[in-house]
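Subject: Handing over a structure

Dear colleague,

I am passing on the structure below, and after it you will find a summary of what came out of it. Please read the two side by side.

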Amino acid sequence: MRRLGWGGHFGGLAARLDGTFGADGTFAHDRLRFVDFVDDVEELLEEVARRERGDEEAADGFEEYVLRHYAGD
């Protein structure tokens with residue numbers, strides 16, 4: 001986000017994802033499926049992209065990339 005100049009949005013996004021990770025920093029699989037988490041993050045990034053650029057194209061491909069890279073999907 002910093003590379004795109006959107007670093008000021010990070011705090012708000014992080015707050016909306018509160019509870020997704022345990023105290024030790026690991027993903028809380030017992031609270032949320034990973035694919036749902038990635039979908040939520042993509043929606044949040046699209047929202048920021050709409051505000052900053054007027055469209056959501058800057059966030060296109062995020063979900064596909066993460067799932068392919070981390071979940072083997």
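How many aromatic pairs does the count come to by the ring-centre rule? The rule takes rings of Phe, Tyr and Trp (its six-membered ring) as a pair if their centres lie within 6.5 Å, and it calls planes under 30 degrees apart stacked, over 60 edge-to-face and the rest tilted; by this rule the count comes to 5 aromatic pairs. One of them joins F21 and F27, whose ring centres are 5.9 Å apart and whose planes stand at 75°, so this pair is edge-to-face. Another is formed by F34 and F37, with centres 6.2 Å apart and planes at 40°, so this pair counts as tilted.

Before going further, please keep in mind that this is a predicted model, in which local features need pLDDT of at least 70 and side-chain atom pairs count only at pLDDT 80 or more, while totals for chains, interfaces and linings use all residues. Residues are numbered from 1 along each chain as its sequence is written, and side-chain values use heavy atoms, with hydrogens and water left out.

As for the overall layout, the protein has 3 helices and 0 strands (helices are DSSP runs of H or I with at least four residues, strands are runs of E with at least two, and both are numbered from the N terminus). Of its 73 residues, 26% count as buried, where buried means under 20% relative accessible area, exposed over 50% and partly exposed in between, with a 1.4 Å probe and protein chains only.

Returning to the rings, F21, F27, F34 and F37 form one aromatic cluster. F21, by contrast, is partly exposed at 39%, and F34 is partly exposed at 25%. F34 and F37 both lie in helix α2 (residues 34-53), where they are 3 residues apart, about one turn of the helix.

T20 counts as buried, since its relative accessibility is 8%. Leaving aside neighbours within four places in sequence, T20 is in contact (heavy atoms within 4.5 Å) with T26, F27, A28, R31, L32 and F37, and F27 and F37 in that list also belong to the aromatic cluster.
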